[in-house]
Amino acid sequence: MTDLRTPVRTGVAHRVAVLVEDALGAPLPVRLRAWDGSETGPSDAPVVALRSRRALRRLLWQPGELGLAQAYVTGELDVEGDLAEGLRAAWTSARERGAHTPRLTLADWARAVGEAARLGVVGPRLPAPATEARLRGDRHTKARDRAAISHHYDLSNDFYRLLLDDTMAYSCGYWTAEDMDPADAQRAKLELICRKLGLTAGSRLLDIGCGWGSLTLYAAERHQARVTAVTLAREQAAHVREQVRERGLEHLVEVVCQDYRDITGSAYDAVATVEMGEHVGDEEYPAFAAALHRMVRPEGRVLVQQMSRGANAPGGGAFIEAYIAPDMHMRPLGDTVALLEAAGLEVRSTESMREHYVRTVTAWHRTLERRWDEVVALVGTETARVWRLYLVGGALAFEEGRMGVDQILSVRRDRKGASGLGLSEAADWYRDLV
């Protein structure tokens, strides 16, 4: 009987692999399986499945990270098995084999287009997936910032309830034990922030970018602080107001849905901004830092928890900026410290929490996979795949040091130079932390 299967040497997988290996300058680090059934590549490597010609057409029009992401979220390209292990193995293999970032010459492009034509891939540019952000106007106008925040945080409170633990904290936790529960890691983080800020009963705290109110509610309940919570996301504001009513905290908490640039209050005892500064933008950050200085009283404290990046790493990356956090900008820790100091704040403590974020994001990913069917029913398969790729890629970025997260505590000195910080106060920050 004649074997009708496509021979490996002439199959789609083999022809694509030749192009990829030429671009990488190294052997294929994954096993490739194409829609015609052909396969090639190391037998023990993760399997990348090209399920449709559309995947290659996207890469032809949008080579690199964004094209790959578009093909993945639409299901035109897939990684079989555990995505996290697949990406880790592929990237490790690529590094070990000496692969480099593709730099295609004009001749490379001509050959790729010719091969694409023979494979039936050439055609009009495919529309971007529905989950891709579509923002208008200049970056970091108030209207565009509102749309960017809404794209990510107004997905639905029900979705975030599925993904997060009962604290509803959507930021890096603080893991004091290997087997710590994710909710306890978040409470440890919240307690650490309150201690660094020196909160006591009656302290006035401004929580900029309050999210679903984890810090606001914790500071009010545990430390009896008077909190003004600010967010641009209407879904978040509604959730926090509901929690304030349910917990009887109306006398301690005010929730405001507005841009940080519209905050008029000042002389707060403490200001916190937890993973909100990444959304401010590069050119706008000096004004943001100046606003932090203006809003806190002399001898008051400012805590910034913010993601950072390596000196030569992307600020967010094409996928994150297109699908998760449009207009996001991260910078190296030292640059942020310099901007805060230039605004008149004295930086007193910085703490890297990079490894803590690996655990945090991994916990979110486990929850996503465990509740996959519920997530798909709520937001659809495409959005679920966006979040799977985001969480898996994010955990690896923190694991490999391409991204970090830091707590930066600063003070506004008074006219005589007093900081308001006790000489031995820091020794108590970590005592009996949950």
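How far apart should the ends of helix α16 (residues 381-399) be at 1.5 Å a residue, and how far apart are its end C-alpha atoms? The expected span, taken as 1.5 Å times one less than the number of residues, comes to 27 Å for the 19 residues of α16, and the end C-alpha atoms sit 27 Å apart, so the two agree. The model here is predicted, with local features needing pLDDT of at least 70 and side-chain atom pairs counted only at pLDDT 80 or more, while totals for chains, interfaces and linings use all residues. Residues are numbered from 1 along each chain as its sequence is written, and side-chain values use heavy atoms, with hydrogens and water left out.

Helices (H or I, at least four residues) and strands (E, at least two) are DSSP runs, numbered from the N terminus. Of the 19 residues of α16, 15 are buried, so the rest of the structure largely encloses this helix. Buried here means under 20% relative accessible area, exposed means over 50%, and partly exposed is in between (1.4 Å probe, protein chains only). After α16 comes G401, with a positive phi near 80 degrees.

α16 also turns up in the lining of a cavity. On a 1 Å grid over the protein atoms alone, a cavity is a set of points where a 1.4 Å probe fits but cannot get out, and lining residues have an atom within 4 Å of a point. Grid points are joined across faces, edges and corners, and a volume is the space filled by probe spheres set on the points. The structure holds 1 cavity of 30 Å³ or more, and the largest cavity takes up about 740 Å³. Its lining runs to 49 residues, with Y153, V274, E275, M276 and H279 nearest the centre. Elements giving at least two lining residues each include α8 (182-196), β5 (204-208), α14 (354-370) and α16, but the largest share, 5 residues, comes from α6. By type, the lining splits into 31 nonpolar, 11 polar and 7 charged residues; Ala, Val, Leu, Ile, Met, Phe, Trp, Tyr, Cys and Pro count as nonpolar, Asp, Glu, Lys and Arg as charged, and the others, Gly among them, as polar.

On to the charged pairs. With a salt bridge taken as a side-chain nitrogen of Lys or Arg within 4 Å of a carboxyl oxygen of Asp or Glu, the count comes to 27. One of them joins R54 to E76, with the closest N and O atoms 3.1 Å apart. R54 lies in helix α2 (residues 53-61) and E76 in the loop between α3 (65-73) and β4 (77-79), so the pair ties together parts 22 residues apart in sequence. R54 is partly exposed at 38% relative accessibility, whereas E76 is buried at 7%. K196 and E351 also pair up, at 2.8 Å between the closest N and O atoms. This pair links distant parts of the chain, K196 in helix α8 and E351 in strand β10 (residues 346-352), 155 residues apart. K196 is buried at 1%, and E351 is buried at 12%. A salt-bridge network links R31, R33, E39, R51, D78, E80 and R385.

Strands β1 (residues 31-33) and β3 (residues 47-50) run parallel and are joined by 3 bridges; two strands pair if DSSP finds at least two bridges between them. The open sheet has 4 strands in the order β2-β1-β3-β4, with mixed pairing. Its edge strands, β2 (39-40) and β4, each pair on one side only.

Methods
On a 1 Å grid over the protein atoms alone, a cavity is a set of points where a 1.4 Å probe fits but cannot get out, and a pocket is an open set with protein on both sides within 12 Å along at least five of seven lines; lining residues have an atom within 4 Å of a point.
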